[in-house]
Amino acid sequence: MKKDKQYKLDIIPGIIIAIFAIFYMSKISGIRVFKSLGATPLTNHFIPWLWGGSMLALSLWLIIRGILKYRKLKALNALPEGESLFAALWEKREVIFSFIALALYVGFMDSIGFVITTCIYTFVQILILTPVNKWGKNFIPALITAIIAGFLLFYIFRVMLNVLLPVGIFGFGL
Amino acid sequence: MILEGILAVCQPLTILWIAIGVVVGIIFGAIPGLTATMAIVMFLPVTYSMSASQGIAMLMALYIGGISGGLISAILLNIPGTPSSVATCFDGKPMANKGQAGRALGTGVVFSFVGTLIGIAILIVLAPVLCAFALKFQAYEYCALALFSLSMVVALTGTDMPKGLISAVLGALLATVGLAPIDSRPRFTFDLFQLNNGFALVVLLIGLFFAESVRKKQDFTIEENVKMKGAGFTFAEFLAQIPNAIVSALIGVGIGILPGIGGGVSCMISYTVSKNTSKHRELYGTGIMDGVVASETANNATIGGAVIPLLSLGIPGDPATAMLLGGLMIHNVAPGPLIYEKNGAVVYAIFTAMLIAAVFMLLFMLWGMRFFVSVLKIPKNYLLPIVMVLCGIGAIGNANQLFDTYVMVGFGLMAYLMIKAKIPTVPMILGFILGPTFEQNLRRVSQLASSDPFYNHPIFCVLIVATILVIIFSVRANLKDAAREREQELSE
């Protein structure tokens, strides 16, 4: 019964996956087929069709299973109450802000450079994961951690290990 | 010749290089995204000025340290340091969550050592025989092996089979991005040259495990129970794990000798086999020693397995052994069937170096465990951002391109949504690794089928039968688990 109540976790992912599978399969026709000497009877379209088709079939299975669960619950008049979207998102604010921070971090790393973006990201991410009422106490330690992390990691990986971390606007003589 | 090889390695300077190689390898293995291959690549120039035995000994040490180090981040951070440690996360992290981080690390380290030893022993004794067997693996056999390994997905799907299968298919589907096997036509690259090589496994792994880390609410909690004694387990527990370790090691060696499969698959297969043959399969994933033993023994035994075709045939099994091959050639050692005659002393030097590196790995990691465990004492709101930055560096370092960090974030988001939708992410890894092997060999088989029918390949037929049996037994076990879950729900 507990699992039946999760019908939305079947229907919504099922629909998203079905759309993705259709999009994926729509792109298969654009792949150029190799027809010269050494061509294989199964072309480079075969496996994408196989995986895409399997994906679509499985997503339909998920959708149908979800609908059946929904009907069962409706017949029993036991449909769970819906949660407000805003409340659900607010509950996950740490995760959402973490993803936004990470996306901005990697997005600006090339233009601004590794050191500065790492310092900012580390500082912001520490604050995101720290309860707001404890920000005051953590402000300075977070700042120091962020600055040390940015410079130290850059030195270790860029200078010592030759990983091509972006130097950005300042260059640091590199 | 044997004595000459042993003496060449048992020099103070060579032993020092081995020790340095092991330490550097462990560090590379422990940092998510940095792999044993990268350690070998970076230190290959360092060996130019060394003698052949010294240089090759150091490269071997880097390889062994790199594969072994992956367990540290897998257990402590739930991010596998190398693809070979993927399955270590399944029980390693839950053990750490239960306050048994030291025990998990101790188990991983000791059984990594056991796996390495078994792998080396098989390498020394059975290399020529196994090479002859490995040569029998052609398109048909590889295709069936990939199918057999993919059938393990059914066991990993758990009680919700369609979602597990979706995950596996999604992995295989993502692996179709890039140049197609055999004809090298670009597929799903959207004219982005960065996608020509497809997505990197390391980047996918970082993304997946990043999502898992972010999902769990981070707070100030500091693990309190991180004290440890000895290796963290008793001698009786060690003895009880021996059968599991032997089976896992044999799987590891078996996968290792087959080029192109690698430690990522061996640890997953041995974990699945261990789970399926266990009397308490329902405890797997909740934090039991057996899971860590299976994964760590197998991935380290793969080292010995991978060196067999490398030395005897000159065929590298994975990128790390490809770099080792380069290292051997730089030092004028030509791997192949004649290596025992032409460079016998170097071969025995390699064996000795591997043994010494394994012992160093055990000592360094057992000694270092108390320091590794102290990572858990760092408040998580400080630890996670640093780990994330390291993940980003690992993604960039994979191919020295920033594009991989975008992919990492994309995979992280996708994995997060999958977890929220209760779609397991583990089968995706297996699908991603095995999809290209399956496709490449299936297409080759399609070329051969008319002139060389499948019944001429007994190994192929055996593997297909084994695949069918694995699927039947796994489905039956999953249905049993699902029924047990339903009963529990009803009783609640």
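Start in chain B, where H2(B) passes H3(B) in a right-handed crossing (right-handed if the near helix is turned clockwise from the far one by less than a right angle, left-handed if anticlockwise). Helices here are DSSP runs of H or I with at least four residues, numbered from the N terminus. To find the pair, select residues 12-30 for helix H2 and residues 36-43 for helix H3 of chain B; their axes come within 8 Å and cross at roughly 135°. Those axes are lines fitted to C-alpha atoms over the stretch in contact, with angles running from 0 to 180 degrees between N-to-C directions. That angle makes H2(B) oblique to H3(B), since under 35 degrees counts as roughly parallel, over 145 as roughly antiparallel, 65 to 115 as roughly perpendicular and the rest as oblique.

Now show the side chains there. Val24(B), Gly25(B), Phe28(B) and Gly29(B) from H2(B) meet Ala36(B), Met38(B), Ala39(B) and Phe43(B) from H3(B); a contact means C-beta atoms, placed from the backbone, within 7 Å. By type, the residues of this contact are 6 nonpolar, 2 polar and no charged (Ala, Val, Leu, Ile, Met, Phe, Trp, Tyr, Cys and Pro count as nonpolar, Asp, Glu, Lys and Arg as charged, the others, Gly among them, as polar).

A quick note on what you're looking at: this is a predicted model, so local features need pLDDT of at least 70 and side-chain atom pairs count only at pLDDT 80 or more, while totals for chains, interfaces and linings use all residues. Residues are numbered from 1 along each chain as its sequence is written, and chains are lettered from A and ligands numbered from 1 in the order in which they are written.

Next, pick Leu145(B), in helix H7 (residues 139-156) of chain B. Is Leu145(B) buried or exposed? It has 26 C-beta neighbours inside 10 Å, so Leu145(B) counts as buried (20 or more is buried, 12 or fewer exposed, in between partly exposed). Leaving out residues up to four places away in sequence, Leu145(B) touches Leu258(B) and Leu463(B).

Then color both chains. Here 46 residues of chain B are in contact with 48 residues of chain A. On the chain B side, H17(B) gives the most, with 11 residues. That side divides into 28 nonpolar, 9 polar and 9 charged residues.

Last stop: Tyr105(A), in helix H4 (residues 93-112) of chain A. Tyr105(A) is buried, with 24 other C-beta atoms within 10 Å.

Note on methods. Helices (H or I, at least four residues) and strands (E, at least two) are DSSP runs, numbered from the N terminus. Two residues are in contact if their C-beta atoms, placed from the backbone, lie within 7 Å.
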